[in-house]
Amino acid sequence: MKTISILNLKGGVAKTFTAANMAYELYRRGYKVLLLDNDKQGNLSKAYGRYDAESVAPITRLLSGDWVHPDEIIQQTDYEGIDIVTANMSLFGATWNLTKEESENQLLRYEQLGKSKIEYYGDCTVWGKYDYCIIDNPPDIGLNVLNALAITDEVIVPVKLDNYALEGLDIVAEQIEDIKAFNPAIKLAGVLVTSYQNTDGESAAVEWLEEQGKYNILGIIRYSKKVAEHSFKRMSIYEYSPCCGAAQGYKKFVTAYTGKAR
């Protein structure tokens, strides 16, 4: 199984939108996907219709170690092949409490889920059941994010093209290098340009990224008014408006990323 963290220390760059639609596109290609909503806002959980504001969230229980069997915290979605560990504001308290613990496994909480056995699956572990795990991270580096990066194979950085976004890329790259101290296998897969509009400025920014050669451009997702329109629908952008630029962009991106079309 490949674990992918969607990460950018800047907000409003379509991290959750990318996680949700990448999962859908992987599912359409026949892959089994586990989603980890690692953001206390719970927007990925909302996107898949599994948000619960009242209970202690499964991701909170995972971070605090308050669970026994994986089926206590992994929920099915409406798509057979996409499961999710949901989040809500209770994650904030769990992250804060973990900082006060003097525990040797502070960064191994999410790893413990992957190694656990799934009921009714014999000797299969959680990681063995899925082809991909996609983690939607908040725009910070708290202990919940460090736990996510400890199990991450590749980091994808969604960016909207402006000066601040481009400057922030170097910061993310530096953080990933630091994290190699406890996860040597982690790597920066590249940049996913989101909400792209074919203006002179954004076109120049793409050219600059290509010329730098430091960051692989994984895809370009065009701006579409349909993105805002569909936010209450709890469905992928492709289901809502398959011909819009954003839907086609994510389809092409996942095809290029996996080498498998649908």
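V145 counts as buried, at 0% relative accessibility (buried is under 20% relative accessible area, exposed is over 50%, and partly exposed lies in between, with a 1.4 Å probe and protein chains only). V145 sits in helix α7 (helices are DSSP runs of H or I with at least four residues, strands are runs of E with at least two, and both are numbered from the N terminus). This is a predicted model, in which local features need pLDDT of at least 70 and side-chain atom pairs count only at pLDDT 80 or more, while totals for chains, interfaces and linings use all residues. Residues are numbered from 1 along each chain as its sequence is written, and side-chain values use heavy atoms, leaving out hydrogens and water.

**Overall build**

- The protein has 12 helices and eight strands.
- Its radius of gyration is 18 Å, close to the 18 Å that the globule rule gives for 262 residues, so the protein is as compact as a globular protein of that length. The radius is taken over C-alpha atoms, and the rule is 2.2 Å times the number of residues to the power 0.38.
- The C-alpha trace spans about 55 × 35 × 35 Å along the principal axes.
- Of the 262 residues, 50% count as buried.

**Surface and charge**

- The accessible surface comes to about 12400 Å², and carbon and sulfur atoms hold 48% of that area. These areas come from the Shrake-Rupley method with a 1.4 Å probe; for residues, only the protein chains shown count as cover.
- There are 28 positive and 35 negative charges, and their mean positions are 7 Å apart. Lys and Arg count as positive, Asp and Glu as negative, while His and the chain ends are not counted. Each charge is placed at NZ of Lys, CZ of Arg, CG of Asp or CD of Glu.

**Helix α7 and V145**

- Eight of the eight residues of α7 are buried, so this helix is largely enclosed by the rest of the structure.
- The buried residues of α7 are L143, N144, V145, L146, N147, A148, L149 and A150.
- V145 touches L7, N38, N137, P138 and D140, not counting residues up to four places away in sequence.
- E25 is 120 residues from V145 along the chain, and their C-alpha atoms are separated by 24 Å.

**Helix α4: two sides**

- Helix α4 covers residues 90-99, and its buried residues are L91, A94, T95 and L98.
- Seen down the axis of α4, these buried residues fall within an arc of 100°, so they line one face of the helix. The arc is that of the directions from the helix axis to the C-beta atoms.
- An α-helix has 3.6 residues a turn, so residues three or four places apart point the same way.
- The buried residues of α4 pack against α3 (58-64), α5 (109-115) and α7 (143-150).
- F92 and W96 are exposed on the other side of α4.
- N97 also lies in α4. It counts as partly exposed, at 41% relative accessibility.
- N97 and L63 are 34 residues apart in sequence, with 9.9 Å between their C-alpha atoms.

- V193 is found in strand β7 and counts as buried, at 1% relative accessibility.
- Leaving aside neighbours within four places in sequence, V193 is in contact with V159, L161, I217, G219, I220 and I221.
- V193 and I220 are 27 residues apart in sequence but 4.7 Å apart in space, C-alpha to C-alpha.
- S195 is also in β7, which runs over residues 187-196. S195 is partly exposed, with a relative accessible area of 25%.
- S195 is not a glycine, yet it has a positive phi of about 50°.

**A14: positive phi in a loop**

- A14 is found in the loop between β1 (2-6) and α1 (15-28).
- Phi of A14 is near 75°, a positive value in a residue other than glycine.
- A14 counts as partly exposed, at 21% relative accessibility.

**E210 in helix α9**

- E210 has its place in helix α9, residues 200-212.
- E210 is exposed, with a relative accessible area of 53%.
- E210 and G93 are 117 residues apart in sequence and 41 Å apart in space, C-alpha to C-alpha.

Terms used:
Contact = heavy atoms within 4.5 Å.
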